[in-house]
Amino acid sequence: MDTEQERCRLVLVAPEIADMEAQEKAIADALRGGDVASVILPQYGEPVEAFQKRAERIVPVIQNYDTAAIIAGDTRVAGRAKADGIHIEGGPGVLADAMDRFSPRMIVGASAPKDRHQALELGELNPDYVFFGMLDGDTRPKTHPKNLELGEWWASMVEIPCIVMAGSEPASVIEAALTWAEFVAVGKAVFSAPGGAAGMVAQINAVLDEKAPRFDY
């Protein structure tokens, strides 16, 4: 997940689809639409053995589009599936353990700090990114105000890249981008798009090209 970029990039949260073939098709369709920095594949409570099979099937599909495949769930699955990274949902202790075991060999991201204090605690461990919001948090059309507040605060003062979870409407990507976050995550906005995921990824990238802030490195 390259942060030397002109403007924020998309991160996709894979939809919860029981049928692996259907989930694989949905992800591939989205990636055909244009630039995506990474796809986060959540475990969604699936048993480890089944999730392992899913990851081994879907990770190569993601990587085939020069996109980073990140596993959110059992860390053993990420290694066995040869994923590019792991998304850690837990406090500083869990993140510290993951950093010791996997960094810098893999991308290690920290998820969902509840407030600024916890965000800084996670940041002290120097993860590759901090994710503001929940992976399934796009339940409303607009980006959650807390995600916007934390993302804007973080982006203004911390060098570690951040990802802001947007809402379920495509327009919410712009409000998330205006925080100056390096990455904006979307799920339903892409995978539930009436015109298809590929078209929506292309549309969102076009709007980001037009309206997203430009970084000055």
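In this predicted model, helix α1 packs against helix α2 through a contact in which Met20, Glu21, Gln23, Glu24, Ile27, Ala28 and Leu31 of α1 meet Lys53, Arg54, Arg57, Ile58, Val61 and Ile62 of α2. Sorted by class, this contact holds 7 nonpolar, 1 polar and 5 charged residues. Two packed helices are described by the angle between their axes and the distance between the axes. Here the axes of α1 (residues 20–31) and α2 (residues 48–63) come within 10 Å and cross at roughly 20°. Because angles under 35 degrees count as roughly parallel, α1 and α2 are roughly parallel to each other. Their crossing is right-handed.

The crossing of α5 and α6 is right-handed. On the α5 side the contact is made by Arg116, Ala119, Leu120 and Gly123, and on the α6 side by Glu149, Leu150, Trp153 and Trp154. By class, the contact of α5 with α6 comprises 5 nonpolar, 1 polar and 2 charged residues.

These helices belong to a protein with 9 helices and 8 strands. A compact globule of 217 residues would have a radius of gyration near 17 Å, and the value for the protein, 16 Å, agrees with this. Along the principal axes, the C-alpha atoms fill a box of roughly 45 × 40 × 30 Å. Of the 217 residues, 53% count as buried. Among contacts between residues at least 6 apart in sequence, 62% join residues at least 24 apart.

The C-alpha atoms of Ala198 and Asp29 are separated by 5.3 Å, although the two residues are 169 residues apart along the chain. Leaving out residues up to four places away in sequence, Ala198 touches Asp29, Ala30, Arg32 and Gly33. With a relative accessible area of 26%, Ala198 is partly exposed.

Ala193 lies in the loop between α8 (188–191) and α9. Since buried means under 20% relative accessible area, Ala193 is buried at 13%. Apart from neighbours within four places in sequence, Ala193 is in contact with Lys188 and Met200. Ala193 and Pro170, 23 residues apart in sequence, are 8.7 Å apart in space from C-alpha to C-alpha.

Ser103 and Pro104 are joined by a cis peptide bond, with omega about 5°. Pro104 is placed in the loop between α4 (92–102) and β5 (107–111). In the loop between α2 and β3 (68–72) lies Asp66, which has a positive phi of about 55° although it is not a glycine. Asp66 counts as exposed, at 74% relative accessibility. Lys82 is likewise a residue other than glycine with a positive phi, near 60°. The place of Lys82 is in the loop between α3 (75–80) and β4 (85–88). Lys82 is exposed, with a relative accessible area of 64%.

Key
Residues numbered from 1 in each chain as written. Predicted model: local features only at pLDDT ≥ 70, side-chain atom pairs only at ≥ 80, totals over all residues. Heavy atoms only, no water. Buried < 20%, exposed > 50% of the residue type's maximum accessible area, 1.4 Å probe, protein only. Contact = heavy atoms within 4.5 Å. Left-handed = near helix turned anticlockwise from the far one by under 90°. Helix = DSSP H or I, 4+ residues; strand = E, 2+ residues; numbered from the N terminus. Nonpolar A, V, L, I, M, F, W, Y, C, P; charged D, E, K, R; others polar. Rg over C-alpha atoms; globule rule 2.2 N^0.38 Å. Axes fitted to C-alpha atoms, helices over the stretch in contact; angles between N-to-C directions. Parallel < 35°, antiparallel > 145°, perpendicular 65-115°, else oblique.
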